[in-house]
Amino acid sequence: MTDRKVIAIAGATGAQGGGLARAILADPESDFSVRALTRDPESAKARALAELGADVVAADLYDVESLARAFDGAYGAYCVTFYWAHMSPDKEKTEASNLAHAVQSAGVEHVIWSTLEDTRRWVPLSDNRMPTLMGKYKVPHFDAKGEMDHLFADLGVPTTFLLASFYWDNFIYFGSGPKRGADGVLALTLPIGDAKMAGIGADDIGKVGYGIFRRGTELVGQRIGAAGEHLTGSEMAAAMSRALGEEVRFSPVAPDVFRSFGFPGADDLGNMFQFYDEFEDVCNEIRDVARSRQLAPGLKTFDQWLSAHAAQIPID
């Protein structure tokens with residue numbers, strides 16, 4: 001145990017970080033040990049990681065000194081931010097900046113930065129195909145992360161840039177699952193037309209991250225997408241029908257309609273789905289399923305994910 005390299009994981013009690021921590025801790029032959037960073041070491045999730053063998057330490061993304069201490073002596077670091085906790089691009093960029101400076105100060109040898117596309121490269125603010133949000137973003141939770149990619153490079157941090165896909169877990173926790181219509185039939189409503197959208201079980205993103213760390217530093221500087229499958233809305237609805245034992249219809253809507261639904265983040269997510277739809281090739285080329293499976297054999301397909309989680313999807 002003592003000669004294992006330490007991987008310090010920000011957000012270790014969250015979806016991505018927790019998946020990485022559990023993947024490492026479940027591998028008795030691993031060359032790595034886990035240092036789990038969390039604001040609350042006494043939380044149930046933190047205690048569960050400790051019971052699995054993680055070294056749980058207190059750290060706050062807004063306290064640079066606590067981050068520097070947490071990364072000190074670590075070989076690797078997994079850096080992830082928390083947009084949906086506050087829905088503020090400025091706060092997310094502060095989180096990213098603090099992480100980047102902390103890993104640089106600690107001299108971490110291999111960093112994975114969990115990022116996404118800055119969609120303004122493809123849809124500039126002057127492009128009215130989708131509304132500009134907050135005055136300077138198209139897809140805020142994408143753009144803020146993508147905007148900070150340069151900082152890791154500018155600071156000379158040896159970084160692999162990992163791009164997640166649509167979390168299938170959103171069908172459970174984010175209200176994106178099928179809803180029963182007036183006719184009694186379940187409908188999956190998404191503004192993605194007939195595009196294939198990359199998706200993944202949130203826990204599996206960490207497994208791809210583990211595969212990257214296992215390659216040593218050979219993937220430093222590369223951009224790697226994590227995906228379990230590329231599926232159309234109709235294909236997802238058909239899989240849900242099989243798993244739930246009743247018909248689920250795919251109900252495509254225009255992005256403007258989705259943005260009008262009015263729930264918190266509807267405009268951001270409406271723009272995101274529009275980006276997935278209109279830039280299908282851009283999104284899916286980097287989210288290469290075959291490469292993901294090379295890094296993490298055994299990634300779940302959507303059918304496999306549903307077999308484990310369909311009962312958790314809330315059905316009205």
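The second largest pocket of this predicted model has a volume of about 220 Å³. Its lining is formed by Phe174, Gly175, Ser176, Gly177, Lys179, Ala187, Leu188, Thr189, Leu190, Phe258, Phe261 and Phe263, and the largest share of that lining, 4 residues, is contributed by strand E9, which spans residues 186-190. Sorted by class, the residues around the second largest pocket comprise 7 nonpolar, 4 polar and 1 charged.

Another part of the structure to follow is strand E6. Because 5 of the 5 residues of E6 are buried, this strand is largely enclosed by the rest of the structure. Both of its faces are covered, with Thr159, Phe161 and Leu163 buried on one side and Thr160 and Leu162 buried on the other. Strand E5, residues 110-115, runs parallel to E6 and is joined to it by 5 bridges, while strand E11, residues 223-225, also runs parallel to E6 and is joined to it by 3 bridges.

From E6 the chain can be followed to Ser165, which lies in the loop between strand E6 (159-163) and strand E7 (166-167). Ser165 has a relative accessibility of 5%, and because buried means under 20%, this residue counts as buried. Its side chain reaches the backbone oxygen of Ala226 at 2.5 Å. Leaving aside residues up to four places away in sequence, Ser165 touches Ala198, Gly199, Ile200, Ala226, Ala227, Tyr276 and Arg287.

Conventions: Residues are numbered from 1 along each chain as its sequence is written. This is a predicted model: local features need pLDDT of at least 70, side-chain atom pairs count only at pLDDT 80 or more; totals for chains, interfaces and linings use all residues. Side-chain values use heavy atoms; hydrogens and water are left out. On a 1 Å grid over the protein atoms alone, a cavity is a set of points where a 1.4 Å probe fits but cannot get out, and a pocket is an open set with protein on both sides within 12 Å along at least five of seven lines; lining residues have an atom within 4 Å of a point. Grid points are joined across faces, edges and corners, and a volume is the space filled by probe spheres set on the points. Helices (H or I, at least four residues) and strands (E, at least two) are DSSP runs, numbered from the N terminus. Ala, Val, Leu, Ile, Met, Phe, Trp, Tyr, Cys and Pro count as nonpolar, Asp, Glu, Lys and Arg as charged, and the others, Gly among them, as polar. Buried means under 20% relative accessible area, exposed over 50%, partly exposed in between (1.4 Å probe, protein chains only). A polar contact is a pair of N or O atoms within 3.5 Å; within protein, one must be able to donate a hydrogen and the other to accept it, and residues adjacent in sequence count only if both atoms are side-chain atoms. Contact means heavy atoms within 4.5 Å. Two strands pair if DSSP finds at least two bridges between them.
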